[in-house]
Amino acid sequence: MDFQNVNPLNVHTNFISGNLLPLAPGVSQFSIMWKLFSILMWLLQAIQVSVMIPGLFIVPWESALLASTITSVNTIEVFFMVGRILARRKLVDRLISKLNEILHVEDETMRNIVTTTLKPMNTPLKFYCWSGGLSILVWFSIPFLLISERSSFFYEDFKLPAVFSKQPFSTQVFLLGNLFLIIGNVHIFLKKCGVDIYMIHLVLLITSQYRYISTRLTTTFQDANLQSEVEGYSPETNRWTDSTLRALCQHHVTVIRLSSVLKELLSLSFTMIYVNSVLRFCFIGVLLSRVLSTTLLEGFLVMMFTCGCVVQFYILCFCVQQLQDASRNITIEAFHEKWYLFGPSVRRTFMLMILSNNLGCNLSTSSKFNLSLSSFMSILNQSYSIALVLL
């Protein structure tokens with residue numbers, strides 16, 4: 001196992017999105033073709049921003065706000081989070097290198113824990129990608145229906161205000177412009193999916209290491225207690241237990257350092273996600289209230305996109321919560337395995353590990369912007385309240 005091959009979903013979305021975030025330390029594992037594809041997609045996003053900004057000042061402000069908020073928030077998130085990860089390549093390489101060293105250990109327990117930690121997230125993340133991508137594709141395809149009704153078009157006819165030429169413009173300009181907006185908006189969403197899955201993958205791998213330490217602690221005491229029932233708590237049993245605990249303690253120190261690196265890498269990104277999620281859910285609520293009064297199709301598409309966003313944000317909060325719980329509960333199960341019957345060295349090492357539970361793992365810059373299941377509900381409530389005020 002290593003960082004790259006343990007999660008195919010992370011690899012595939014990383015390539016398709018064109019983010020090309022690091023998958024291995026120190027080397028470029030991307031071909032020239034994928035690098036050219038990535039450059040083309042970033043250029044596409046730059047052009048979309050350049051045609052969107054003047055369009056926002058020409059169309060009525062209410063239409064501009066409702067049409068561009070989601071795209072703007074996604075674009076800001078993607079440019080910031082992907083740029084931050086790529087700019088801190090040395091830090092990412094150090095994190096991946098240490099994770100690979102740990103994952104290369106041939107241990108069936110670790111393999112099972114890593115698999116059971118990562119696999120349950122694949123289905124909801126795929127739902128998030130497909131539901132969001134399809135809803136955006138259909139949403140930006142709706143203006144094509146206007147082609148049969150008229151021969152000249154205006155900026156307001158696009159789902160996202162964009163200036164490609166002076167208005168009114170021809171059917172050909174409208175057709176090509178709308179096709180450009182479809183590709184640009186679907187791909188910026190795929191970029192967001194890719195960086196979200198990449199960050200979730202990092203969080204889950206660290207979580208699996210905390211769970212591995214907890215499981216190994218419990219099984220170590222269980223095996224030692226079974227042996228002691230036959231032979232008694234002999235010096236050999238104490239030495240074996242003490243040696244195993246010290247190895248796990250060293251592993252724990254390594255994981256704590258990795259958690260510190262992870263916080264340094266992702267803390268600002270998670271803070272931005274917290275703030276932007278309030279804006280995103282708020283304006284999705286406002287947008288939903290408007291489109292429900294027009295067409296059923298648009299209402300269904302917004303509902304579909306909303307479900308995908310809620311699933312994605314819940315997964316992110318859930319994974320961060322799991323990491324926090326796993327880092328604070330390492331010794332909970334092992335505490336009930338008669339550890340107090342062993343020698344002084346074993347008891348002292350285990351008590352130090354109990355004290356280390358207080359360190360925990362907090363990835364946020366402050367408690368106010370901490371991602372957790374409680375903050376998930378708080379953000380939905382805040383978004384609902386703001387949406388009611390705006391309505």
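Q: How many helices and strands are in the chain?
A: There are 11 helices and 0 strands. Keep in mind that this is a predicted model.

Q: And how do the elements run from the N terminus on?
A: They go α-α-α-α-α-α-α-α-α-α-α.

Q: What share of the residues counts as buried?
A: Of the chain's 391 residues, 52% are buried.

Q: OK, take α1. Why call α1 largely enclosed by the rest of the structure?
A: Because 7 of its 10 residues are buried, where buried means under 20% relative accessible area.

Q: Which residues of α1 are those?
A: L9, N10, V11, T13, N14, F15 and S17 are the buried ones.

Q: What follows α1?
A: G18 does, and the phi of G18 is positive, near 80°.

Q: Switching to pockets. What's the volume of the second largest pocket?
A: About 310 Å³.

Q: How many residues line that pocket, and which lie nearest its centre?
A: The second largest pocket has 14 lining residues, and T13, I16, C129, W130 and L190 lie nearest the centre. T13 is also on the list of buried residues in α1.

Q: Which elements supply at least two residues of that lining?
A: Three helices each do: α1 (8-17), α6 and α7 (171-231).

Q: Which one gives the most to it?
A: α6, with 6 residues in the lining of the second largest pocket.

Q: What's the lining like by class?
A: It has 9 nonpolar residues, 4 polar and 1 charged.

Q: Now the surface. Which residues form the nonpolar patch there?
A: The patch is made by W130, L134, L137, V138, L297 and F300, and together they have about 590 Å² of accessible area. The elements giving two or more residues to it are α6 (122-139) and α9 (296-328).

Q: Which of the elements gives the most to the patch?
A: α6 again, with 4 residues in the nonpolar patch. W130 is a patch residue, and W130 is also one of the residues nearest the centre of the second largest pocket.

Q: What about F300, which helix is it in?
A: F300 sits in helix α9.

Q: Is F300 buried or exposed?
A: Exposed: its relative accessible area is 51%, and the cut-off for exposed is over 50%.

Notes. Residues are numbered from 1 along each chain as its sequence is written. This is a predicted model: local features need pLDDT of at least 70, side-chain atom pairs count only at pLDDT 80 or more; totals for chains, interfaces and linings use all residues. Side-chain values use heavy atoms; hydrogens and water are left out. Patches are made of residues with over 30% relative accessible area and no salt bridge: like charges are joined within 9 Å, nonpolar side chains (Val, Leu, Ile, Met, Phe, Trp, Tyr) within 5 Å. Accessible areas come from the Shrake-Rupley method with a 1.4 Å probe; for residues, only the protein chains shown count as cover. A salt bridge is a side-chain nitrogen of Lys or Arg within 4 Å of a carboxyl oxygen of Asp or Glu. Buried means under 20% relative accessible area, exposed over 50%, partly exposed in between (1.4 Å probe, protein chains only). On a 1 Å grid over the protein atoms alone, a cavity is a set of points where a 1.4 Å probe fits but cannot get out, and a pocket is an open set with protein on both sides within 12 Å along at least five of seven lines; lining residues have an atom within 4 Å of a point. Grid points are joined across faces, edges and corners, and a volume is the space filled by probe spheres set on the points. Ala, Val, Leu, Ile, Met, Phe, Trp, Tyr, Cys and Pro count as nonpolar, Asp, Glu, Lys and Arg as charged, and the others, Gly among them, as polar.
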